[in-house]
Amino acid sequence: MYTAKIRKKPWQRMSMLVLSFILAIGTLPMSLAQAEATNETPVGPGGVGSPSLWLRPERVNGVASGEKVSMWEDQGSKINNATQDVVANQPTYWDDKNHNINFNPVLEYNGTSSFMNLDVSKLPQGKSPRSIITVSKTNKTGGLNYIISWGVQTIGYTGMGMLQNATRGGLTTFNSDRNQTLYTPEGFLGTTFPNEQFVTWTGGDTEFNIARLYSKMKQVQQLNDWGKDNVKLWDTGNSGGAVVGKLIPAATGIEHWQGTIEEIIVYDHALTDAERQKVSTYLAIKYGYTLDQTTANSYVDSNMATIWDAQENAVYTHRVTSIGRDDLSGLMQKQAKAQELGSIMTIALGNSVEDTNSANENEFSNDSSFFTFGDNGASTEFKTPITKDGKKLLGMERVYKVQKANWTESQITLQVDEAGANPALPQYVVISNDAQFGNPNTLHLIENGQVTLNTSNFGPNSYFTIATTATPLTVPDVTLTDDELTWEAVAHADKYEVTIELEDGTKRTVEVTGMALNLSQLVPSLEVGTYKVTVTAKTNNPAYSDSEESNSKNYVVAIDKAKLKAKADEINGKIESGELDEEEYTPETWQTLQDALGVAESVFDDENATPEHVEKAYQDLVDARKGLTKKPGTGVDTSVLKNEHDRIKGENLTETEYTVESWEALKDAMNEAERVLNDLTANQAQVDKALQDLTNARTGLTKVIGTDTSTLQTLVPSVGSLSPAFDPAKDTYTISVPNSVYQFQLTPTALDPLAKIEIAVGDGEWNEVTSGSASENLPLQVGGNKIVVRVTDSLGHVTAYKINVTRASSDNGNNGGGNNGGGNNGGGNTGGNGGSTPVPTPAPVPTPTPAPVKDNLETTRDGSHQPFATSKPSDNKETLVQVDPAKLNVAMSQGTGQQFAIHSPNDGDMKVDGLTLDTLKQLVDQGSKLNISNPLAIYPVPGGKMDVNSVSKQLGNAALNDIDVHVNIARSSDALIDSAETRAASQGYELLVTPVDLDLTFTKDGQTVRSGHLNGYAPKYIALPEGIDPNRITTGVIINPDGSIFHVPTVVTKIDSRYYALINDLRSSGSYSVIWNPQDFEDARSHWGKTDVNNIAARLDLQGNGDNTFSPNLQVTRSEFAEIVVLGLGLMRQDAPQNLFPDVNDSAWFRSAVALANEFGIVRGYDNGNFYGNQEITREQGFAMVARAYRLIEPEAVSNPDQMNSELERYSDAADVSNWAKEDVAQLIAAGIIQGNGPEVLSPKNTMTRAEVTALIARMLKVTNLIDQ
């Protein structure tokens, strides 16, 4: 045992026998028993050996809690036990939850009589060096009160006392000499928590010596008054004795300590900084206070190993709390709670928190083993949104960080004090590897204020916090009247989810933003049956969670034969018109259709027909129509399939060069192609599928790399993206870039680190590039550019990757074309006629911005300096620009077609004044342009796209030179940014750019107006953050006042060395940003339309089914088509015009899209005024709508009758195109937007699928340069 080795006298050995007996019968305090259980003799606090005196509260000779103490046993090297024989003068020992400090026992002194005697001869004497450390807690705020004192009370500095002086702490030599006393400033000692005082003195005679007063590793002595840094004349005597708890001598009843004394430690030398750190760590862990972090002070064990790294955990140095074991210190801290203001977290080893440390019977496995955490000093308010496994939580702003030191994973219990959350809501301990809790690892439910968990849940540097479930919204109160489902608005709800459940459990959900839903107008409509309908309130507010389901309502859908009759009438009409001709189809399938028509008629006339009969008759009729099979040789084109089959066969591919899996896939596809080509009964769908499968198999053919390491791991272009996506085993790729990109770079990374990589443009020289580094700028000519990346590995193997880069022409002309390949319903012939069609005009690329001069405005004309404006900063860090009209007029008079620019290099907002509407008109009339820019954006003033007369009219028909023009470029308001970020987080896209406001306003006599929508697409350039990957940009967006967003057509471009999002839309003002929102629908991954489907969906122009599927072959209705077109063109806005169609309900989900499409002339109604939004759209109807949208972008694009006929003649079924649609169809063929339904077929009367619509919109946006190719 740790006392046996140092006790020599017989009475001491007898004491050990007595102690052993007491321990055997269980009356020894548990803390002492635990210390003995380590089988290690403590050498000193913090492992610092040979203390002259070490009094700690565990050493009280078996005294029970609440009893008086006659001997406080010294564990130092000199066996200087503190004693008191007079019961009235004895302190009281406490080991209970009402008195303990950090679960450890204390000795309480009454302030009037209690004290204990020491042997003064065993304490440092004379001028010898020493260190004195005390931990105590006082109950008084005034007077002189001593913790320990010894020596002689004279004026000759012969005493030594650690004391309290009012609210100061310090050490005195019992005199009034300020030069010889160490005192802290006022207010140092409080009465709530324990205080550490730590004195070191180097000793000595008249030569310079050093005395320091520390607390928790910080020097706290007052050097400008008491305790000056000077020679100390201390010369401690011994005639007055030594006492604990009062001023010497023992016989006088003065200056008693009132409060508790936790620990007293004395050394006969001045401790070094490292020794101080070890002792203070021991005391801080034991008594629950935090070492001072004015400068970083780590916690260390007795071997100087780090327990808590103050630099690594720099933010988390508040309320540091630790449990652990250190045998050389005799430390066995099994429970802990920081003894500081605001502490709410208790930790205990094991499955419960006991009243005292001694009552916790669990054991640590290892010596020098600690589990520690500290917090970030934040409040205990619940404000941080956290989501885990769909559970919406609010996390506490206070975050804790964990550090383990030589720790064996164990069960621990965390106890959390109430911190202001709703006690009725569940609370959790949330553990995460990141401090933002973006993707927390685990949740642990807190029950009755405690949670027990294994420390393996915490990583080496985990964070944790407390979270409460968000307050659920009020449950909606639902009413059903006829078909109308209504409910009252729920506070904080952003939308509502209506769940419609059949008796068999099948469910359908509908999202509603208002407080009503007409169940009879759902698309698709509800089938016959009885439904249970409920409503759930949904919210994006992080402080609230979705409500429970509402009360349910039963909704009955009766038998409706109208759908059956409509389908039968449709098919009979096509038979009567000759569109369905019996001679073209096999007898078997034609008879099946006739039988289905007969049954449909019979069921329709049967008054007793059940819903099941009606539904079966309808489905059989639909199946029979789809199953019609044309006779061999009737309208089935196999030429493309045969050409592809023969081309692959002619490649003479070698099987051993490719992976078994990809080779087998190609062989199967070739065999199937041959089977279909030889099958006279094969229909067009089978031919198209065989072609698509064959194309996919050839593209997927993958080389075996083997010992040949002359391949790349990655190949990344600086602009655009490789098509197909890079695969080391594939060697041919394409990239399309806009005309504004005249050079780009490639970054190749080789598989073999010793490989040589070279790049050549066309037939030019080879230039070597380092693996993983960007190449030099590679020049691009308009049109096609061949770039080859050649990789030679260390064994001499060579692989060449070919990248064909197409740069758009400056006038975006149609350079002809041919067959682009592709699959059914969207691949095929792009046409092209050598540029005979009027082509879209690309957005002007601004003149590259001059190199910025700090705090100096740059104004240029055609890239050269031209002073016509000045600037000055404002109080709120805006740059205020004033245009000088006279100087600008002089510059404008120097020619036409000039490019003017105003650029401020200053961060912050920018306001430009001094322009008039007449100036903008003059710029337009002479073909000149004006760009205004700062580090946020470039704003080409859209003078040529505005209706200046309309602006004048808004201002009372004012003269143009009396109307002032103002241009603002500014960071959006904090409220809008917060709303946008909240929306992004809830909708799953990433906001890449802090929203920017671009604002063009016009004023006259204090009245301010804006122009309406522009008469053509105008560009805006939003600066992308430095270092951003341009391939990680999905699209630009317009941000609405509520933080929601709509897509605006966007191209990524590079100006000078900066990437920009080039946004084109019909707005002159707005708040803009850029998002990253990749999509990958599962059911489109092998579909011919995969690229366009995912691209358009990523731009928020269409939605999937909610389960990461898209249903690309599903037919599209007129309303769905209108929404996709409006969103794709960037026309969607929240203040949509009034709806003009009587059959479009104001609550219909497509109301805004249809109204906007009608406003811009893209869609039209029928002769009776209705829109018929649920009607499936035919291909020619879709072509007409897209043609109108195309002319909105390119209003000068027209076609003449000869050109129209020439374009249509290329398709065998051109005669089937309705007369009203022929011009539109011809125009789209010429523009390369229509690619037919196979090589030479338009199929104008067929319904259009979702994938076909997506392909049309994507091609239209690409050929007009509104999105990346």
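This is a predicted model: local features need pLDDT of at least 70, side-chain atom pairs count only at pLDDT 80 or more; totals for chains, interfaces and linings use all residues.

Trainee: At what angle do α14 and α20 pack, and how far apart are their axes?

Mentor: Two packed helices are described by the angle between their axes and the distance between the axes. Helix α14 (residues 1090-1098) and helix α20 (residues 1250-1263) pack at about 75°, and their axes are 9 Å apart. Angles of 65 to 115 degrees count as roughly perpendicular, and α14 and α20 are therefore described in that way.

Trainee: Which residues does Leu1129 touch?

Mentor: If residues up to four places away in sequence are not counted, Leu1129 touches Tyr1017, Pro1049, Ile1162, Ala1189, Leu1192, Ile1193, Met1260 and Leu1261. Leu1261 is also one of the α20 residues that meet α14. The largest nonpolar core has 135 residues, and within this core Leu1129 and Ile1162 touch the most other members. Helix α17 (residues 1179-1193) supplies the largest share of this core, eight residues. Another core, of 37 residues, lies apart from it and includes Trp308, Tyr428, Val430 and Phe437.

Trainee: Turning to sheets, in what order do the eight strands of the open sheet stand?

Mentor: Strands of a sheet pair through backbone hydrogen bonds, either parallel or antiparallel. Here the order is β51-β50-β54-β56-β57-β62-β66-β65, with mixed pairing. β51 (864-865) and β65 stand at the edges with a single partner strand each, so one side of each has no neighbour in the sheet.

Trainee: How do β65 and β66 pair?

Mentor: Strand β65 (residues 1050-1055) has five of its six residues buried. β65 and strand β66 (residues 1058-1065) pair in the antiparallel sense over six bridges, and Val1052 stands opposite Ala1061 in β66. The two strands form a hairpin with two residues between them, and Asp1056 in the turn has a positive phi of about 55°. Strand β62 (residues 1018-1023) also runs antiparallel to β66, joined to it by six bridges. The bridge partner of Ile1022 in β66 is Ala1061.

Trainee: What is the order of the open sheet of four strands?

Mentor: The order is β21-β22-β27-β30, and the pairing is antiparallel. β21 (335-337) and β30 (450-454) are the edge strands, each pairing on one side only. Strand β22 (residues 345-349) and strand β27 (residues 411-416) pair over five bridges, with Val416 in β27 as the bridge partner of Met345.

Trainee: Lastly, is Thr714 buried, exposed or partly exposed?

Mentor: Thr714, found in strand β41 (residues 712-717), counts as partly exposed at 37% relative accessibility. Its contacts, not counting residues up to four places away in sequence, are Phe726, Thr747, Pro748 and Thr749.

Key
Residues are numbered from 1 along each chain as its sequence is written. Side-chain values use heavy atoms; hydrogens and water are left out. Buried means under 20% relative accessible area, exposed over 50%, partly exposed in between (1.4 Å probe, protein chains only). Two strands pair if DSSP finds at least two bridges between them. A nonpolar core is a set of buried Ala, Val, Leu, Ile, Met, Phe, Trp, Tyr and Cys residues joined through side-chain atoms within 4.5 Å. Contact means heavy atoms within 4.5 Å. Axes are lines fitted to C-alpha atoms, for helices over the stretch in contact, and angles run from 0 to 180 degrees between N-to-C directions. Angles under 35 degrees count as roughly parallel, over 145 as roughly antiparallel, 65 to 115 as roughly perpendicular and the rest as oblique.
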